[in-house]
Amino acid sequence: CGDREVRRCSTDSLLFGQTFDGMLGFLKNPVVVTAEINVNLVALTVMGLISRLWGLSYPRAVVFDEVYYGQFVSLYMKRIFFVDDSGPPFGHMLLALGGYLGGFDGNFLWNRIGAEYSMNVPVWSLRLLPALAGALCIPLAYQILVELQFSHCAALGGALLILLENSLITQSRFMLLESILIFFILLAVLSYLKFYNLQRHRVKYMGLFTYMLLLAIAGLHFWHMLGNQNLSNVSLLCHFLARGLALIIIPVAMYLSFFYVHLTLLYRSGPHDQIMTSAFQASLEGGLARITQGQPLEVAYGSQITLRNVLGKPMQCWLHSHTNTYPIRYENGRGSSHQQQVTCYPFKDVNNWWIVKDPGMQQLVVSNPPRPVRHGHIVQLVHGITTRYLNTHDVAAPLSPHSQEVSCYIDYNVSMPAQNLWRVEIVNRETDTDVWKTILSEVRFVHVNTSAVLKLSGASLPEWGYRQLEVVGEKLSKGYHQSMVWNVEEHRYGKSQEQKEREVELHSPTQMDISKNLSFMAKFTELQWKILTLKNEDTEHKYSSSALDWITMDTNIAYWLHPTSGAQIHLLGNVLTWASANVAAVIYVCLSLWYLVRRRRKIYDIPEDAWQLWVSAGEICVGGWAVNYLPFFLMEKTLFLYHYLPALTFQILLIPIVLQHLSDYLCRSLLSKTMFRALIVAWFSSVYLVYCTFSPVTYGEPSLSVAELKDLRWKDSWNILIRKQ
């Protein structure tokens with residue numbers, strides 16, 4: 001037994017020694033880390049950075065749409081709320097980030113293209129992120145073509161075409177959003193391709209349109225997987241969940257996070273408040289919040305209120321009345337009730353105040369404790385200054401003869417009795433016993449006698465109505481519309497029974513301590529809806545164009561002109577690249593149709609893997625071009641050449657795809673391949689020559705003479721600026 005213990009101890013010692021030597025063995029040799037570096041990728045990135053960042057602060061003046069986006073950057077710096085209908089706020093936040101990193105205080109008057117920037121404006125920093133995005137589009141293009149299984153030579157050619165595209169250079173060197181949009185579109189495409197290739201090897205609101213394209217492609221790929229009998233049900237479920245997470249859950253979460261940051265940063269009242277609801281305005285610091293802060297939350301009998309129409313179109317306005325009456329007869333000969341006018345007035349005014357009265361009681365003050373008004377309760381609305389009751393009856397409205405006139409009742413001792421009872425219906429109620437709340441509740445007033453709903457028609461009254469907006473009684477049978485919905489904006493509990501004292505009370509501000517903060521989701525939903533539905537007035541612009549003009553670049557945009565010399569910057573593309581992209585698209589479509597017809601006849605001109613590669617490239621490049629271009633034919637907005645750049649990027653990527661396909665499958669002999677490659681070299685040299693020719697108006701320097709500028713006018717439709725001598 002003792003010998004056994006000795007042997008065991010010896011064995012343990014030996015094992016310990018071997019383990020210890022193993023643990024320290026790594027110290028006997030140096031630690032080596034190996035990494036693969038794609039020299040093509042590094043070189044393309046460096047060249048992209050040089051082409052986009054060189055002389056970035058020049059010109060130190062407002063360039064074209066910098067006058068537009070700069071205003072939003074200033075508002076971000078000052079934390080002032082704004083609404084821009086061009087899309088989600090992420091791009092604006094990136095521009096603002098550049099201003100923040102440069103120490104911009106937001107103090108600059110963005111009122112004129114060409115205005116010199118003051119010293120407090122960090123021009124280089126403001127233009128940095130769009131330039132970086134534009135530069136990184138070049139290696140992204142390279143990687144997309146590699147992930148599509150095309151050669152590194154083709155990928156390099158496609159990336160160089162993006163590098164030498166004058167329009168993309170110009171658009172990325174200023175405080176504009178298109179380069180950022182293109183960067184994230186390409187990043188999304190590359191991310192999905194890497195995800196798809198990874199799983200394939202292991203198992204087998206303009207960015208919105210590209211996102212929809214990726215969803216469609218992902219759906220198509222999954223549909224093919226369903227037919228793969230080698231995949232188990234569990235494996236298919238995992239594929240489905242992975243796509244749902246990557247293409248739906250994560251994008252939605254990121255989208256919401258952009259708005260969360262946006263709304264967190266912009267907490268102060270600003271110039272765009274008026275298009276938002278009262279509840280939204282009251283959630284901002286300053287502005288309406290200074291008026292409504294601390295108002296009573298629950299509307300009670302005896303409450304003094306102002307009623308704002310929720311629609312906000314054609315402008316925000318409040319239910320209003322004044323001592324003037326409707327004309328006895330209108331211009332068209334129709335008669336009226338000659339009652340006191342009721343309108344919707346677009347300005348704050350003491351005549352906007354109304355008192356909520358209990359029909360069964362005479363008092364116009366709030367009792368103690370207050371008796372709240374609930375959904376379904378019957379009320380009378382008494383005009384605060386004139387003490388007349390809101391009324392409607394079977395008399396045609398002045399401008400909307402199919403609707404009822406709304407008035408404040410005057411007793412003329414004629415056979416026209418008062419009809420002034422209204423039922424309160426809370427549209428956004430949670431239960432049928434909800435209390436009518438200040439700002440938060442959206443209500444309809446349904447006339448008890450006629451079932452008509454108090455509605456803003458939106459028509460402007462004639463001079464006798466002071467051009468104020470018409471209010472009518474609309475039959476419920478005609479359907480629901482936001483113009484029928486109102487909310488209490490200003491609110492106080494009435495305390496004065498005497499009219500003289502009440503008038504003084506109506507002129508005084510409200511002061512009580514109750515908060516009415518909106519949740520993030522409520523603010524997000526409202527802001528998103530405004531972005532989608534807000535329509536700015538479309539105005540003709542000197543450089544606006546139609547979508548048909550873009551394909552052949554029959555238009556250009558003058559971005560900047562030096563105040564004294566001939567130096568200028570234009571949005572002009574590389575003419576040869578644009579033409580080549582169009583030719584490549586035509587060749588792709590024609591070849592695809594030819595292959596499809598031949599395959600239908602059981603004739604296979606190219607191998608199956610080459611056909612699948614060809615189809616995949618079309619899904620990305622032709623599909624990307626289509627979804628980023630064709631929707632513009634349906635849009636009612638002022639269009640510019642830069643709107644075409646995302647579509648153009650996909651079309652450029654198609655060029656090396658078509659060239660490689662022609663070289664691999666149509667050039668059969670060695671001689672034909674050699675000649676074809678020589679033609680490609682000559683063509684690419686011409687692309688570079690065109691890039692160099694237009695680089696003075698891409699970068700704005702050197703200054704060109706009148707003769708040189710005239711030589712750049714390759715098309716009569718181009719507007720090259722030439723100073724008069």
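This is a predicted model: local features need pLDDT of at least 70, side-chain atom pairs count only at pLDDT 80 or more; totals for chains, interfaces and linings use all residues.

Trainee: Okay, so which hand is the crossing of α5 and α6?

Mentor: Right-handed. The axes of α5 (residues 123-147) and α6 (residues 152-163) come within 8 Å and cross at roughly 150°. Axes here are lines fitted to C-alpha atoms, for helices over the stretch in contact, with angles running from 0 to 180 degrees between N-to-C directions. Helices (H or I, at least four residues) and strands (E, at least two) are DSSP runs, numbered from the N terminus.

Trainee: What does that make α5 and α6 to each other?

Mentor: Roughly antiparallel. Angles under 35 degrees count as roughly parallel, over 145 as roughly antiparallel, 65 to 115 as roughly perpendicular and the rest as oblique.

Trainee: And which residues make the contact?

Mentor: From α5, I138, A141, Y142, L145 and V146; the α6 side includes H152, A155, L156, I162 and L163. Contact means heavy atoms within 4.5 Å.

Trainee: How do α16 and α18 cross?

Mentor: At roughly 60°, with the axes of α16 (residues 575-600) and α18 (residues 645-665) coming within 8 Å. That makes α16 and α18 oblique to each other, and their crossing is left-handed. Among the residues that meet are W578, I587 and Y588 in α16 and L648, I655 and L662 in α18.

Trainee: Switching topic: how many disulfides does the structure hold?

Mentor: One, taking a disulfide as a pair of cysteine sulfur atoms within 2.5 Å. C317 and C344 form it, with their sulfur atoms 2.2 Å apart. C317 lies in the loop between β1 (303-309) and β2 (318-325) and C344 in strand β3 (residues 340-345), so the pair ties together parts that are 27 residues apart in sequence. The link is right-handed, with 90° about the S-S bond.

Trainee: Are C317 and C344 buried or exposed?

Mentor: Both are buried, meaning under 20% relative accessible area, while exposed is over 50% and partly exposed is in between (1.4 Å probe, protein chains only). C344 is also one of the residues in contact with Q468, leaving aside neighbours of Q468 within four places in sequence. Q468 sits in the loop between β10 (452-460) and β11 (469-475), and it is buried at a relative accessible area of 6%.

Trainee: What about V62, buried or exposed?

Mentor: Buried, with a relative accessible area of 1%. V62 lies in the loop between α2 (39-53) and α3 (66-77). V62 and I113 are 51 residues apart in sequence and 5.2 Å apart in space, C-alpha to C-alpha. Beyond its neighbours within four places in sequence, the contacts of V62 include F108, W110, I113 and W560.

Trainee: Last one: how far apart are the end C-alpha atoms of α4?

Mentor: They are 16 Å apart, which agrees with the 16 Å that the twelve residues of α4 (residues 90-101) should span at 1.5 Å a residue. The expected span is 1.5 Å times one less than the number of residues. Just after α4, G103 takes a positive phi of about 75°.

Methods. Residues are numbered from 1 along each chain as its sequence is written. Side-chain values use heavy atoms; hydrogens and water are left out. A crossing is left-handed if the near helix is turned anticlockwise from the far one by less than a right angle, and right-handed if clockwise.
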